[in-house]
Amino acid sequence: MSEDHAADHAGQSAESSAELTAERVRADVEQVLGEPAGSLGEQDDLLDRGMDSIRLMSLVESWRKAGVETDFITLAEEPTVAAWTRLLLDR
């Protein structure tokens with residue numbers, strides 16, 4: 001395994017165990033979409049920004065590892081950073 005790949009894997013492992021915050025929700029979404037930090041608006045339709053089922057499932061799994069129960073259907077109903085932050089953090 002190359003050093004870069006190992007570092008990426010270690011970063012993902014640390015990230016998956018980190019507490020879920022509003023900042024992390026936004027950063028995770030930006031990361032899977034390949035968007036620069038801070039580029040997504042709270043109400044942007046994430047489907048219009050390139051969110052697809054595979055990316056969404058990877059987010060669901062990452063957030064489950066952080067201890068948050070959610071599912072694909074719930075998140076797909078209202079695909080915005082604001083809605084996901086509300087659904088994931090308002091417990």
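1. In this predicted model, Arg-64 and Glu-61 lie 3 residues apart in helix 3, so about one helical turn separates them. Their side chains meet in a salt bridge, with an N to O distance of 3.1 Å. Arg-64 is partly exposed at a relative accessible area of 32%, and Glu-61 is likewise partly exposed, at 36%.

2. A pairing within a helix also occurs in helix 2, which spans residues 22–33, where Asp-28 and Arg-24 are 4 residues apart and therefore separated by about one helical turn. These two residues form a salt bridge whose closest N and O atoms are 3.0 Å apart. Asp-28 has a relative accessibility of 4% and so counts as buried, and Arg-24, at 7%, counts as buried too, given that the cut-off for this class is under 20% relative accessible area.

3. Glu-35 forms a salt bridge with Arg-49, the closest N and O atoms being 3.1 Å apart. This pair links distant parts of the chain, since both residues sit in the loop between helix 2 and helix 3 (53–65) but are 14 residues apart. Glu-35 is partly exposed, with a relative accessible area of 23%, and Arg-49 is partly exposed as well, with a value of 26%.

4. Beyond these pairs, which residues are linked in a network of salt bridges? The network is made up of Arg-26, Glu-30 and Glu-42. For the structure as a whole, the count of salt bridges is 8.

Terms used: Residues numbered from 1 in each chain as written. Predicted model: local features only at pLDDT ≥ 70, side-chain atom pairs only at ≥ 80, totals over all residues. Heavy atoms only, no water. Salt bridge = Lys/Arg side-chain N within 4 Å of Asp/Glu carboxyl O. Helix = DSSP H or I, 4+ residues; strand = E, 2+ residues; numbered from the N terminus. Buried < 20%, exposed > 50% of the residue type's maximum accessible area, 1.4 Å probe, protein only.
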